[in-house]
Amino acid sequence: FREMMEADFFKGVRFFRVISGFMAQFGIHGTPAKAAEWRQKRITDDPVTQSNTRGMVSFATSGANSRTTQMFINFGNNANLDGMGFSPFARVVEGMDVVDRIFKIGERPNQGKIQSEGNKYLKSQFPQLTYIESAEIVESEL
């Protein structure tokens, strides 16, 4: 995640799978070449040490050690994901009211088209999607 932050990965990234009461998924870069480059970087699984409760952020996974850049923010208590290997690595500490306002698109955009056509596809077919304008690393005093 830090490597993605330092590479300014999140600028313009859309929330493309957002299911009310469940989660808001994002993390496919809007430039197809950059999305393809990052998709090859696999992240080794972390042990699940926290639960997927409201505000927790987890990487999406499709099996053992398959995580890439896609992640989601939990809208509610999704503890059922804990046993499936979804390991929270961060939490929203401020601004869940903003997260709650992310446009609820459901499962409509085609992830393959996002990978191949990027934000051009999303802007033309789904202009109402919420997106990240910028992100920055803020060092904690904890």
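Here are some friendly notes on this predicted model, running from the overall fold to a few local details.

1. **Overall fold.** The chain contains 4 helices and 5 strands, arranged along the sequence as α-β-β-α-β-β-β-α-α. Its radius of gyration is 15 Å, close to the 14 Å that the globule rule gives for 142 residues, so the chain is as compact as a globular protein of that length. Along the principal axes, the C-alpha trace spans about 40 × 30 × 30 Å.

2. **Burial and contacts.** Of the 142 residues, 42% count as buried. Take the contacts between residues at least 6 apart in sequence: 65% of these join residues at least 24 apart.

3. **The largest nonpolar core.** This core has 28 residues, and F10, F15, V18, F26, M71 and I73 touch the most other members. Two or more residues each come from α1 (2-6), β1, β2 (23-26), α2, β3 (56-59), β4 (71-74), α3 (96-99) and α4. As general background, nonpolar side chains tend to be buried together in soluble globular proteins.

4. **A closer look at F15.** Leaving aside residues up to four places away in sequence, F15 touches A24, Q25, F26 and I73 among others. Its contacts also include I102 and I105, along with L129, T130, Y131 and I132.

5. **The kink in α4.** Do have a look at helix α4, which covers residues 111-125. A straight helix of 15 residues would span 21 Å, yet the end C-alpha atoms of α4 are only 13 Å apart. The helix has a kink of about 120 degrees, centred on E117.

6. Which residues of α4 are buried? They are I114, Q115, G118, N119, Y121 and L122. The buried residues of α4 pack against β1 (15-19) and α2 (32-39).

7. **T61 in its loop.** T61 sits in the loop between β3 and β4.

Technical notes: Residues numbered from 1 in each chain as written. Predicted model: local features only at pLDDT ≥ 70, side-chain atom pairs only at ≥ 80, totals over all residues. Heavy atoms only, no water. Expected span 1.5 Å × (residues − 1). Bend = angle between axes of the 7 residues up to and from the residue. Buried < 20%, exposed > 50% of the residue type's maximum accessible area, 1.4 Å probe, protein only. Contact = heavy atoms within 4.5 Å. Core = buried A, V, L, I, M, F, W, Y, C linked by side-chain atoms within 4.5 Å. Rg over C-alpha atoms; globule rule 2.2 N^0.38 Å.
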